[in-house]
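Q: I have a new model open and want to learn how to read it. Where do we begin?

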Amino acid sequence: MKVASQDFLQQAHEALRAKDKVERRDLLGQFMPAARDAAANAYGDFDGLRAHMKRVRGHTTEHLAHYLQQFEEAAVAHGNQVHFAATAEQLNSTVLSICQTHNARRVAKGKSMVTEETGLNELLLKAGLEVLETDLGEYIIQQAGEAPSHIVGPAFHKSLAEVRELFLAKHKLGERALESVSDIVEEARGVLRERFLAADVGIIGANALIAEHGTTMLVTNEGNGDLCANLPPVLIICTTFERLLPRAEDAMALQRLLVRSATGQSHTCYTSFYSGPRREDDVDGPLETHIILLDNKRSDILASDYHEILDCIRCGACLNHCPIYIGVGGHAYGWVYPGPMGSVLTPLLTSLEQSHDLPNACTSCGRCAEVCPANIPLPDLLRDLRQEESAQQLKPARWRRGLRLHAWLLRQPVLYQRLTGWSMSALGLLGKRRGAFRRMPFASGWTSQRDFPAPEAGGTFMRQYAARKRRGGRRG
Amino acid sequence: MVTCLADLMRPSVGFSAIRLLERAGCRVTVPEQQTCCGQPAYNSGEIDAAVPVAQAVIETFEPFDYVVIPSGSCAGMLSHHYPALFEGEWRERALALSAKTWELTRFLTEVALLPAPKRAALEAAVTYHDGCAGLREMGIQQQPRQLLQEQCGVQVQELTENQVCCGFGGTFCARMPEISGKMADDKLNHAVASGAKVLAGGDLGCLLHLAGRAKRRGLDLEIRHIAELLAGNPKGPGIGEGRQ
Amino acid sequence: MAESVRAALFARLRERSPAPAEPAEIARALATIGYATAARMPHADLHTAFIANVLANKGTLELALDRGAAVRAIGRYLYKRFRTHKLVAGNDPRLAAMPWRDGGVLPRFGAAEPGDAAALSYARLGVAETGAIVTFTGRANPGRNNLLPEDHLVLVNREDVVATLEDAWAKIRIETGAGAWPRGIQFIAGPSSTADVEAQLVLGAHGPCRWHVILVGDTPAQALEQARGELPEA
């Protein structure tokens, strides 16, 4: 997908002007955390579960080559064809060539962030294939020609009225009311059902790869991913190696974390483990299955100080809990992954040069790390990226100079106190009557949104404190 | 340690903190060389500029038994982030400082307890904004409420979404002012909805940002640092307020 | 090219491992980590907990003392929902042996087709922790039978209900031990649902709209009542 993260501030500005969307997101920001908290509390020792998963992940990462090989061997033994793709282009062309080998015309897709990342649909469409997103949210944004705004609910930004308009325009089904969310779901079910049945190729992602059995775990509520995995004659699973886990039990532990963190459920409707093509005992299922393992810079990340971001399970909790994501929405971030996890991943998977605003879209409030089921220290990773931003001289030069001058001044206490003592006294006097300034030189960022509170009259603390001490220790 | 913002913008927070600590039986010194903990550079990714600032702070405060700070954010910087900046000997020194660093309200409820007040209860409806670093790094949540109850006879009228950031975020508020302004508005709207007349908090950064926004919007809220309320019924104007 | 991509990735991953460990050593390290602790159960009694979670998953549930009672329950369900006696079910010997005529049910054995309103599966397992049932794809239960019909009916034997997801996998390991790994193992916990529009939950997204579980065996009727008592008012 094309990167538009360099325009984050402009996109955020536009997002904040659409008041109805702001209200929708504010609601999301209230009930999603409430649902997550209720589910985490009902679980019992949810923090213990997070810690357990962290240990399993640490172990898996330490022996990743071993587990990848184990997975590959078992998957091949089940009859899968396993492919490796170093880049997005390689994944896309592998998918295309499989489709072309089968003279496929119609592709049905389950929700897959990996293929959003590689921009697969664009290539398949260009090659003349019919590509259908089947997750309701993905289907809606596909019809609207938009990108997902949320990694779990790709169409959360759309109102019922907007979806209604969209369906009335896109589905030629004549007069109908389509007034409720149920009507929308029913119509999509009807329209998509036909196309599931007619699909030549199904494409899905995977929530986990289980090394010991060579199976992939798929977690969905709608059942669309399972239809993609069971109906078409060819199945392609697009995934990445960091989804590897040693045992089925580890995948279940992950699923426990995932559903509670993502939607506040205690179990998704469908949690399926697929091992390969149709067996002798099967009367349905794909005749041929492919697993494509994408790297796309992940092995670089693994070797870097940012490797913990690979523990991300794509639950979206950090989005729902981030006041900046809730404020500006997913599209402002300008690529596939928004919010805190996206602000770490986007610079790493695209380039920091294009996306260095994203790690700055953070107040270090720590709420994302507090709820992250994978215990990823997101604020620390974002700070590290800001450090890299400085090192690569991507930060606005006047900011950088200002911060460094300030830090230098802090180490000259006498000079610092003389300068601040003088300027604060002056500001205190100037602002005494109104208590605040509407404008302030060198602080347009601050005063664009707020007044600048005047310092208390009487001079700085250090000056007053020194004066009191001189007067003989009279205090308070 | 008096934070840089208290030093420059709100000295009464520093003097209130001193008064409270003395009332709790402490001997208080503010070292002359202290300036700031170095958070602006640190959070903006200018780590190499923050390191010498941290070293200066560590040296300055080494002789004391406790370092008490009227800010969860600066306390969090000393406690959690300084040790991560160093290795070897300096790390040991940073850890030693970390171990004796306290946020003011937690210190007053766990280490040096305040005696019962001799003055009348504060006649004001108060709500409280929890600074994020205090809340998540320093475990500050019930302490300020408890102190307001015991010292001022005030039951805090809670903000909805009281665990959500106000949008200050240090340099964030100036680098992304529009988003920051939206977050301030959310917080201020909750404050108004709480029915409180006074919005108190433990971090001047948040409070200056909120006060500036409240002033811009013409909201009728008195914004104060909790140390001011605890030290005695404050008479001076609230943050960002003029003299009548 | 494909082979070089694979080799390059493995080389990079191996670089990162401190020292290549023996598989037995890795297995020992993994065993030390152990398994996770399961979710807190809504009831101490296994079956009551299972029932409560099925209901919490927006499923419906009936108790049947034996297979005869189960057939009669299915007959009533089909008549009430569709005024029909028709049903599709996999070629499961356990289903073939049921006294269908007693309930006036006319099953067709095989894979579900687009027009089928209701399908029946005989679950391998029920999981109390999540209120899920487990099926394997195959002749006995084609994968599409779980997905295509409007209503999905599931029989699960009382003795096949286990407490946790780990217990479920312990059983699955035994059942698949002979090397006959099924194409798909499906944990199903409720009718298909979506909250993609306005974050409002709607049942019947792409899969079944209704999910009806019949717990077969001697379960006291009050288990169902107790389980219901845990739910907010319907």
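Q: What is the area buried between chain A and chain B?

A: The size of an interface is often given as the accessible area lost when the parts come together. Here that area is about 6300 Å², and carbon and sulfur atoms give 60% of it. Buried area is the accessible area (1.4 Å probe) that two parts lose on being put together, summed over both. Gln449(A), Glu456(A) and Phe461(A) supply 12% of the area that chain A buries against chain B, more than any other three residues.

A: A word on the source. This is a predicted model: local features need pLDDT of at least 70, side-chain atom pairs count only at pLDDT 80 or more, and totals for chains, interfaces and linings use all residues. Residues are numbered from 1 along each chain as its sequence is written, chains are lettered from A and ligands numbered from 1 in the order in which they are written, and side-chain values use heavy atoms, with hydrogens and water left out.

Q: How many residues does the contact take from each chain?

A: Contact means heavy atoms within 4.5 Å. Chain A gives 73 residues and chain B gives 73 residues.

Q: How many salt bridges are there between chain A and chain B?

A: A salt bridge is a side-chain nitrogen of Lys or Arg within 4 Å of a carboxyl oxygen of Asp or Glu. The count between the two chains is nine. One of them joins the side chains of Glu46(B) and Arg400(A), at 3.3 Å from N to O. Helix 20 (residues 397-410) of chain A gives seven residues, the largest share of the side of chain A that touches chain B. Helices (H or I, at least four residues) and strands (E, at least two) are DSSP runs, numbered from the N terminus.

Q: Which residues of helix 6 of chain B are buried?

A: An α-helix has 3.6 residues a turn, so residues three or four places apart point the same way. Buried means under 20% relative accessible area, exposed over 50%, partly exposed in between (1.4 Å probe, protein chains only). In helix 6 of chain B, the buried ones are Trp90(B), Ala94(B), Leu97(B) and Ser98(B). They cover an arc of only 100° around the axis, which puts them on the same side of the helix. The arc is that of the directions from the helix axis to the C-beta atoms. On the other side, Glu89(B), Glu92(B) and Ala99(B) are exposed.

Q: Is Gly14(B) buried or exposed?

A: Gly14(B) is buried, at a relative accessible area of 0%. Its place is in helix 2 (residues 11-23) of chain B. Gly14(B) touches Phe461(A), Val2(B) and Ala6(B), not counting residues up to four places away in sequence.
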